[in-house]
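Dear colleague,

I am handing over the structure we spoke about, and it is shown just below. After it you will find my notes on what was found.

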Amino acid sequence: MVAILKKRVRPPKHKRLPNVLSDAEVRALLGCVKNPIHKAGLLLMYACGLRISEAAALEVTAIDKVNLLVCVIGKGNKERRVPLPQPVLDELRSLWLTHHNRRWLCPNRRGSAPIHREILWSTVRQAAAEAGITRHVTPHTLRHSYATRLLESGVDTRVVQILLGHVNIATTAIYMHLTEPTRASLKNILDKLMTDL
């Protein structure tokens with residue numbers, strides 16, 4: 001007698017391209033955030049390519065003011081250093097002068113812990129609605145937008161991979177599909193190839 005083994009077959013996961021905001025949309029979204037601590041968390045996600053958990057839990061000591069770097073502890077407890085733009089450092093300095101928290105860059109109301117990720121989620125949803133952005137926007141959209149801006153500006157894919165803390169270059173390569181120069185270049189090539197068919 002032959003036993004028939006039943007094996008559950010799962011359908012393949014659908015890989016979707018991430019949503020990306022234009023620079024103008026990001027500026028409009030951030031402009032709608034009133035709370036300075038919430039704004040700082042979202043600004044760090046966009047300006048440094050941080051994940052929501054990385055931005056929320058960032059400690060004051062993670063900021064290297066001399067070298068303009070942020071020391072980030074990412075997935076798998078891996079450390080990476082990412083550039084910190086001077087205007088963002090200036091914004092963080094102003095913010096710190098309002099709360100003087102010795103540990104957290106973006107503290108909760110009581111100052112006893114970092115801001116909760118759910119707060120940043122709801123802030124993004126509300127700001128996107130106020131900015132008139134109708135597409136689905138999440139805090140991670142800011143990270144996607146950061147990566148896309150870097151690639152559009154000619155930063156090497158390998159450098160973007162390191163800045164984002166991706167283990168696999170294929171994860172970073174997804175953003176190549178989203179850059180405006182890539183789309184424009186492909187359009188020009190395809191227009192030439194398909195002329196007079």
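The notes below go from the overall fold to the sheet, the helices, some backbone angles and the pockets.

Please keep in mind throughout that this is a predicted model. The secondary structure of the protein comes to nine helices and three strands, and from the N terminus on the elements follow the order α-α-α-β-β-β-α-α-α-α-α-α. Of the 197 residues in the protein, 39% are buried.

The sheet

The three strands form an open sheet in the order S1-S2-S3, and their pairing is antiparallel. Strand S1 (63-64) and strand S3 (79-83) stand at the edges with a single partner strand each, so one side of each has no neighbour in the sheet. Strand S2, which covers residues 69-73, pairs with S3 in the antiparallel sense over five bridges, and within this part of the sheet Cys71 stands opposite Arg81 in S3. The hairpin of S2 and S3 has five residues between the strands, and in this hairpin Gly76 takes a positive phi near 65°.

In a regular strand the side chains alternate between the two faces of the sheet. With that in mind, S3 has a covered face made of Arg80 and Val82, whereas its uncovered face holds Glu79, Arg81 and Pro83.

Helix H5 (residues 117-130) has 14 residues and reaches 20 Å from its first C-alpha to its last, which is close to the 20 Å expected at 1.5 Å a residue. Which residues of H5 are buried? They are Leu120, Thr123, Val124, Ala127 and Ala128, and they lie on the same side of H5 because they cover an arc of only 125° around the axis. On the other side of H5, Gln126 and Ala129 are exposed. As background to this pattern, an α-helix has 3.6 residues a turn, so residues three or four places apart point the same way.

Helix H6 also has 14 residues, which at 1.5 Å a residue should span 20 Å, and the 21 Å between its end C-alpha atoms agrees with this. H6 is mostly covered, with twelve of its 14 residues buried; among them are the charged residues Arg143 and Arg149, and also His144, Tyr146 and Leu150. Just after H6, Gly154 takes a positive phi of about 90°.

Backbone angles to look at

Most residues other than glycine have a negative phi. Against that background, two residues may be of interest to you. Leu68, in the loop between S1 and S2, has a positive phi of about 55° although it is not a glycine, and with a relative accessible area of 24% Leu68 is partly exposed. His100, in the loop between H4 and H5, has a positive phi of about 50° and is likewise not a glycine; at 46% relative accessibility, His100 counts as partly exposed.

The two largest pockets

The largest pocket has a volume of about 300 Å³. It is lined by 15 residues, of which Arg51, Lys75, Gly165, His166 and Val167 lie nearest its centre. Helix H6 (139-152) and helix H7 (157-164) are the elements that give two or more residues to this lining, and H6 gives the most, with three residues. By class, the lining of the largest pocket holds three nonpolar, seven polar and five charged residues.

The second largest pocket has a volume of about 250 Å³. Its lining consists of 13 residues, and the closest to its centre are Arg27, Leu30, Leu43, Tyr46 and Val88. The elements that give two or more residues to the lining of this second pocket are helix H1 (23-31), helix H2 (36-48) and helix H4 (86-99), with H1 giving the most, at five residues. Divided by class, the lining of the second largest pocket has eight nonpolar residues, one polar residue and four charged residues.

With best regards

How values were computed. Residues numbered from 1 in each chain as written. Predicted model: local features only at pLDDT ≥ 70, side-chain atom pairs only at ≥ 80, totals over all residues. Heavy atoms only, no water. Pairing = 2+ DSSP bridges. Helix = DSSP H or I, 4+ residues; strand = E, 2+ residues; numbered from the N terminus. 1 Å grid on protein atoms, 1.4 Å probe; cavity = no way out; pocket = protein on both sides within 12 Å on 5 of 7 lines; lining within 4 Å. Points joined across faces, edges and corners; volume = space filled by probe spheres on them. Expected span 1.5 Å × (residues − 1). Buried < 20%, exposed > 50% of the residue type's maximum accessible area, 1.4 Å probe, protein only. Arc of directions from axis to C-beta.
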